Amino acid sequence: MAKLSEHLKRGILDENPTFVQVLGTCPTLAVTTAAANGLGMGLSVLFVLMGSNLVISLLRKFIPEKIRIPAYIVIIATFVTIIDLLLQAFFYDTLYQSLGLFIPLIVVNCIILGRAEAFAGKNKPLDSVLDGLGNGLGFTFALTFIGIIRELIGAGTIFGLYVLPETYQPATLLIMAPGGFFVFGLSIAVFRALKNKLEQKKAAKEAI
Amino acid sequence: MSKTVNKLKHNPVFHNAFMLGIFCIVAGLALGLAYESTKNVIAEKKETVTLQAFESVFGEEGLTIQELEINPDFADKDLIEKVVYAKDFGYAVEIIGKGYKGDAMEIVVGYSLSNNQICGVQLVSHSETAGLGANAAKPSFLNQFIGFDATSDSGFSVVKNGADEIGEIDALGGATKTSRGVCDAVNMALDYIQRYLLTTEGGANHG
């Protein structure tokens, strides 16, 4: 179990794909116009990450080094297509409509290829799955967080529920591209600041 | 013969290509399996969603719906997907509109025969931005089309400041392109209704 918490801490905090590694920025900005979309995309990426990490790790001794990138892409693309079909079959009028074009784009999401190359290609299957879980949860957390902020200030709702009073004039700028960059940048800054504080506290404790 | 086979086996280019080929074949099989097992569920879902849209433009459930053949002389067959006749109610046209990024928006326009008006418009599926173009699916926007006399000569047009004349549609804030896309689609559906469905030839196709 120590392994699980290690991977979770790494994926969500120390090496958060969005706030620390700054990977997968394109879908991050595009999909966080609503909290539900951010959450949905995050969970889809989580599924693909765990699946592709597992398969790539299982096959790591059979994939010739020179063609590892095309091989990884084939595996990742297969998982993404499966998830695309599952979303169409079970979430046709909700998530599938809002995530639309971005589902196939998960294939080129740097996080997935990045973890495959940096971790799954060189580690055991269980570790790789947990790594996928950690990074996937980190990504989901980041996307949902940014999505909540943008939706709340930009539309007055959270997950479609009206939270702010009727008289609130939504700042629609936040739902558009510039707003996305603002919230993203500020979130990275806040996250890093908190992370640094936590690390300083830890270092101070250990020095005693 | 075996010397060449041996040479091929150890040739790295051949080996790489062979392995990649194996991966692709296995992946293809897995995908084929996934596709086959979800094919029917997906087709059913699409049917149900469209049927619900047809019923909601008339505001009723359990209607007797008869699909009509689309006359290509009066409509662009790529854009008009389905035309149905709802017994005792009227016609519904499913049409594809162009959204903000050029993506398709599935729109259903309902026309009532009892009072010769557009009785409802539904945005069945779209890829518009949440909080902006996605608001085109809200009744507050779509209800602007209701009550329009389908026999009149003019169509709908989008205005940005306060629509007061009949046929003027208030654009969505920050989503003019989406508003225009819906408007153009409704106009096209209206055109087909006026020039074909309401004529004696068009009206003869159903029970």
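Modeller: Let's begin with the two chains together. Chain A and chain B bury about 2,200 Å² between them, and 75% of that is on carbon and sulfur atoms. Buried area here is the accessible area (1.4 Å probe) that two parts lose on being put together, summed over both. One caution: this is a predicted model, where local features need pLDDT of at least 70, side-chain atom pairs count only at pLDDT 80 or more, and totals for chains, interfaces and linings use all residues. Residues are numbered from 1 along each chain as its sequence is written, chains are lettered from A and ligands numbered from 1 in the order in which they are written, and side-chain values use heavy atoms, with hydrogens and water left out.

Biologist: Fine. Which residues in chain A lose the most area to chain B?

Modeller: A:L85, A:Y92 and A:Q97, which together make up 24% of what that side buries.

Biologist: And which helix gives the most to that side of chain A?

Modeller: Helix 4 (residues 68-90) of chain A, with 11 residues. Helices (H or I, at least four residues) and strands (E, at least two) are DSSP runs, numbered from the N terminus.

Biologist: How do the residues on that side divide into nonpolar, polar and charged?

Modeller: 18 nonpolar, 7 polar and 2 charged. Ala, Val, Leu, Ile, Met, Phe, Trp, Tyr, Cys and Pro count as nonpolar, Asp, Glu, Lys and Arg as charged, and the others, Gly among them, as polar.

Biologist: How many residues are in contact across the two chains?

Modeller: 27 residues of chain A with 25 of chain B, where contact means heavy atoms within 4.5 Å.

Biologist: What's the salt bridge count between chain A and chain B?

Modeller: It's 0. A salt bridge is a side-chain nitrogen of Lys or Arg within 4 Å of a carboxyl oxygen of Asp or Glu. Over all chains, a search of the whole structure finds 12.

Biologist: OK, show me one of those. What does A:R115 pair with?

Modeller: A:R115 forms a salt bridge with A:E15, with the closest N and O atoms 3.9 Å apart. A:R115 is in helix 6 (residues 110-120) and A:E15 in the loop between helix 1 (2-14) and helix 2 (25-31) of chain A, so the pair ties together parts that are 100 residues apart in sequence.

Biologist: Is A:R115 buried or exposed?

Modeller: A:R115 is buried, at a relative accessible area of 6%, while A:E15 is partly exposed at 29%. Buried means under 20% relative accessible area, exposed over 50%, partly exposed in between (1.4 Å probe, protein chains only).

Biologist: Which residues are in the salt-bridge network with those two?

Modeller: A:R10 and A:D131 are linked in a network with A:E15 and A:R115.

Biologist: Switching topic: what does A:N135 touch?

Modeller: Leaving out residues up to four places away in sequence, A:N135 touches A:G11, A:E15, A:P17, A:Q21, A:L49 and A:R115. A:N135 lies in helix 7 (residues 125-155) of chain A and counts as buried because its relative accessibility is 2%.

Biologist: How far does helix 7 of chain A reach?

Modeller: Helix 7 of chain A has 31 residues and reaches 43 Å from its first C-alpha to its last, close to the 45 Å expected at 1.5 Å a residue. That expected span is 1.5 Å times one less than the number of residues. After helix 7 comes A:G156, whose phi is positive, near 80 degrees.

Biologist: Now chain B. What does B:K82 meet in a salt bridge?

Modeller: B:K82 meets B:E47, at 3.9 Å from N to O. B:K82 is in strand 2 (residues 80-86) and B:E47 in helix 2 of chain B, so the pair ties together parts that are 35 residues apart in sequence. B:K82 is buried at 17%, and B:E47 is partly exposed at 49%.
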